[in-house]
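Subject: Structure handover, helix packing

Hi,

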Amino acid sequence: MSHWYRCYGLMDSRGRWRAWRFGPATEALHDSLTAEARRAGQVLFASAQTFAAPPNAVGVTHWRQVREQYTGDSALPHLAPLFFDVDCDGDLDKALLWARTLVEFFVVQLGLGEQAVRVWFSGSKGAHILIDPVALGIEPSAALTADMKAVAIELVRHLTARGAGDMAIDRAVYSLPRMLRLPDQVNPKSGLHKIELRHHELFQLTAKDITELARQPRGSLWMADDLPDRPVPAAAQWWSKALARAREPREFRIRTAEVVGLKVRPDGYLVDELTSSDIPPCIAGMMKAVASPGSRNRVELQIACWAKGAKVPFDEALSLVSKWTAANRPELSAENACAKAESIVRSVYGNASYGFSCIAAQSAARAVSVASPCDSCQAVRLRSLRQVYSLRVRHDAQWNPPERISLEEARGLTARIIDRRVAACQADRPGDHANWRRQDPRSRSRTGQARAAGRLCNAHA
Ligand SMILES: [Zn+2]
């Protein structure tokens, strides 16, 4: 495994991270970090993912030094078990119930052995379930974590439909890297250890029994030789089908965009053309949001993409992103926050394939819990995109079909466009011009339309 790397993190008793390290996924490094954590009274976490070695790999470095190589354009691949973090608002009994449902699916439906479906009590109020990547035939890829999220959500939907009640999983855990407390590490809040559970324990023990068991570390319940060394056919077939379904929307977006000759971003979203430099709701919501560590990169990227799409000059974009970064990354000094923002803005402005996408922005906004239905961006989409949209029906769950508008609205829209043209022609009469400009041209309010329509009539009278 020495050609694979892993991300490691130490957390102090007050829940503060030290800078994440990045080094070979070896037993030796694991042991030395475990000892370091013990000496410093800290808790050791490691990424669920392992990463293909960076081209100029030298021992242990910091994650922030290599992060760019695993995200965005032409990223290096990573590998991970299919993982689930089952945690339902502090209700351990319920979390155990959901964990049993998931384990049952993989063991009974897919025929996986106990060694391939490993379960840990998290040390607080939930369970971690990791399905062996070899048994499922999971291949390394740069988009694996994103694909895994879609597969996990679909599985939960499937199990819920088949009677698993109000089952829900934490969707925020499908981020890169996802740091998981390592087995036998203590949770300072509960004083309990993260311990591995045998399946019979998961199914038979109560929440009270399990917390009792977690007072002591337990060690690994399996030897390396016990673990699967080849895919299990039924399970591998399930994974490859689920993966194909998860990838379809992105591949479909890329294919159709190619056919129609449109620009597509590295993440597969179509680039939207903006006709105004006003900040649309999908971006404005995020600018005010407080983002969890797993979503911060994404928000910064979307803000930078919008700035680029709106042709905001580089320096202005930098100050916009810097402001957000400084407010949302309290662990960084002002100088480091600025450096961080600069690296993002630079990579967006410097890479021709990055552009603004309202759908991508809305998806990022949902990740930071800012619901922002966005009308403004819909209105500025190019006419030529309609062709692509019609091709995407039933292929892309993230696609929002363009809204039908009423004849009255269409009249108002046309009137406003004509008004603007007229205003532009009358630019030598600045008084009237300023008057027209004061009104938001994209306002959808009925009175706005009536006024606009009225002005059109007057102009023709
Ligand atoms: Zn938008």
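First, how the angles are taken: axes are lines fitted to C-alpha atoms, and angles run from 0 to 180 degrees between N-to-C directions. Keep in mind that this is a predicted model.

**H11 and H12**

Helix H11 covers residues 314-328, and helix H12 covers residues 334-350. Their axes come within 8 Å. They cross at roughly 130°. That angle makes H11 oblique to H12. The crossing is right-handed.

Which residues of H11 make the contact? They are Phe 314, Ala 317, Leu 318, Val 321, Ser 322, Thr 325 and Ala 326. H12 contributes Ala 334, Ala 337, Cys 338, Lys 340, Ala 341, Glu 342, Ile 344, Val 345 and Tyr 349. By class, the contact of H11 with H12 holds 12 nonpolar, two polar and two charged residues.

**H9 and H13**

The second pair is helix H9 (residues 281-288) with helix H13 (residues 358-367). Here the axes come within 9 Å and cross at roughly 30°. Angles under 35 degrees count as roughly parallel, so H9 is roughly parallel to H13. H9 passes H13 in a left-handed crossing.

On the H9 side, the contact is made by Cys 282, Ile 283, Gly 285 and Met 286. On the H13 side, it is made by Cys 358, Ala 361, Gln 362, Ala 364 and Ala 365. Seven residues of the contact of H9 with H13 are nonpolar and two are polar. No charged residues take part in it.

Best regards

Terms used. Residues are numbered from 1 along each chain as its sequence is written. This is a predicted model: local features need pLDDT of at least 70, side-chain atom pairs count only at pLDDT 80 or more; totals for chains, interfaces and linings use all residues. Helices (H or I, at least four residues) and strands (E, at least two) are DSSP runs, numbered from the N terminus. Angles under 35 degrees count as roughly parallel, over 145 as roughly antiparallel, 65 to 115 as roughly perpendicular and the rest as oblique. A crossing is left-handed if the near helix is turned anticlockwise from the far one by less than a right angle, and right-handed if clockwise. Two residues are in contact if their C-beta atoms, placed from the backbone, lie within 7 Å. Ala, Val, Leu, Ile, Met, Phe, Trp, Tyr, Cys and Pro count as nonpolar, Asp, Glu, Lys and Arg as charged, and the others, Gly among them, as polar.
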